[in-house]
Amino acid sequence: MRILFVCLGNICRSAMAEYMFKDYCKKNGITDVYIASAGTSDEEAGNPIYPPARAELLKHGISVNNHRARKIKPTDYDDFDLILCAEEYQCRRCKAFFGGDSKKKIKRMLDITDNPADIADPWYSGDFTLTYNQLTLVCENLAKML
């Protein structure tokens, strides 16, 4: 299974989701999964994870190895089995970028839980703990899907 997490800039939510799910898989012996992240915008391309996002992950013992933000690329649709977006906005942007979603791969992250909604954007709210908690729910439910 190949999973791509997507947000706007790939320095907060999708990057957090990537490293949280990698950590979750490692701790739970899930080995048959490839995990990556990207943004729908290239404005942060090449930048590291946002320092408060890194700090939130470190509070929970999750390290971030040399993350560099990247924009989605045309081959991502074929390269990944599941594309999980932080918000409906990113779902729409991905579908437009990829020319649709014929294989129904694109979903909001929280749509795989019992609480479908957009992931809170800590860039604006400053509440990285809320985002972490929402992404924890995503990781748990995603593991059940595998």
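Leu-84 touches Ile-3, Leu-4, Phe-5, Val-6, Lys-107, Arg-108, Met-109, Ile-112 and Leu-142, leaving aside residues up to four places away in sequence; a contact here means heavy atoms within 4.5 Å. Leu-84 has its place in strand β3. Helices (H or I, at least four residues) and strands (E, at least two) are DSSP runs, numbered from the N terminus. With a relative accessible area of 0%, Leu-84 is buried. Buried stands for under 20% relative accessible area, exposed for over 50%, and partly exposed for what lies in between, using a 1.4 Å probe and protein chains only. Leu-84 and Leu-130 are 46 residues apart in sequence, and their C-alpha atoms are 18 Å apart in space.

A few words on how to read these values. This is a predicted model, in which local features need pLDDT of at least 70 and side-chain atom pairs count only at pLDDT 80 or more, while totals for chains, interfaces and linings use all residues. Residues are numbered from 1 along each chain as its sequence is written, and side-chain values use heavy atoms, with hydrogens and water left out.

One of the contacts of Leu-84 is Leu-142, and Leu-142 is among the buried residues of helix α6. Let us turn to that helix. It covers residues 128-145, and its 18 residues should span 26 Å at 1.5 Å a residue; the end C-alpha atoms are 25 Å apart, which agrees. The expected span is 1.5 Å times one less than the number of residues in the helix. Which residues of α6 are buried? They are Phe-128, Thr-131, Tyr-132, Gln-134, Leu-135, Val-138, Cys-139, Asn-141, Leu-142 and Ala-143. The buried residues of α6 pack against β1 (2-7), α1 (13-27), α2 (51-59), β3 (82-85) and α5 (122-125).

Now take α1 and α6 together. These helices pack at an angle of about 50°, with their axes 9 Å apart. That makes α1 oblique to α6. On the α1 side, the contact is made by Arg-13, Met-16, Ala-17, Met-20, Phe-21 and Tyr-24; on the α6 side, the residues include Phe-128, Tyr-132, Leu-135, Cys-139 and Leu-142. The axes are lines fitted to C-alpha atoms, for helices over the stretch in contact, and the angles run from 0 to 180 degrees between N-to-C directions. Angles under 35 degrees count as roughly parallel, over 145 as roughly antiparallel, 65 to 115 as roughly perpendicular and the rest as oblique.

Helix α1 also meets α2. Their axes come within 10 Å and cross at roughly 20°. That makes α1 roughly parallel to α2. Here Met-16, Tyr-19 and Met-20 in α1 meet Ala-53, Glu-56 and Leu-57 in α2. Met-16 and Met-20 are also among the α1 residues in the contact with α6.

Next come the charged side chains. Side chains of opposite charge can pair when their charged atoms come close. How many salt bridges does the structure hold? There are eight, a salt bridge being a side-chain nitrogen of Lys or Arg within 4 Å of a carboxyl oxygen of Asp or Glu. In one of them, the side chains of Asp-23 and Lys-27 meet at 3.0 Å, N to O. Asp-23 and Lys-27 are four residues apart in helix α1, so about one helical turn separates them. Asp-23 counts as buried at 18% relative accessibility, whereas Lys-27 counts as exposed at 58%.

Another salt bridge joins Arg-70 and Asp-76 (2.9 Å, N to O). Arg-70 is partly exposed, with a relative accessible area of 22%, while Asp-76 is buried at 0%. Asp-111 and Arg-108 also meet in a salt bridge (2.9 Å, N to O). Asp-111 is partly exposed at 36% relative accessibility, and Arg-108 is buried at 16%. Arg-108 is also one of the residues that Leu-84 touches. Finally, Arg-13, Glu-87 and Asp-121 are linked in a network of salt bridges.

Two loop residues complete the tour. Most residues other than glycine have a negative phi. Asn-10, however, has a positive phi of about 70° although it is not a glycine. Asn-10 has its place in the loop between β1 and α1 and is buried, with a relative accessible area of 0%. Lys-104 is not a glycine either, and its phi is positive, near 55°. Lys-104 is found in the loop between α4 (88-98) and β4 (106-108). Is Lys-104 buried or exposed? Lys-104 is exposed, with a relative accessible area of 60%.
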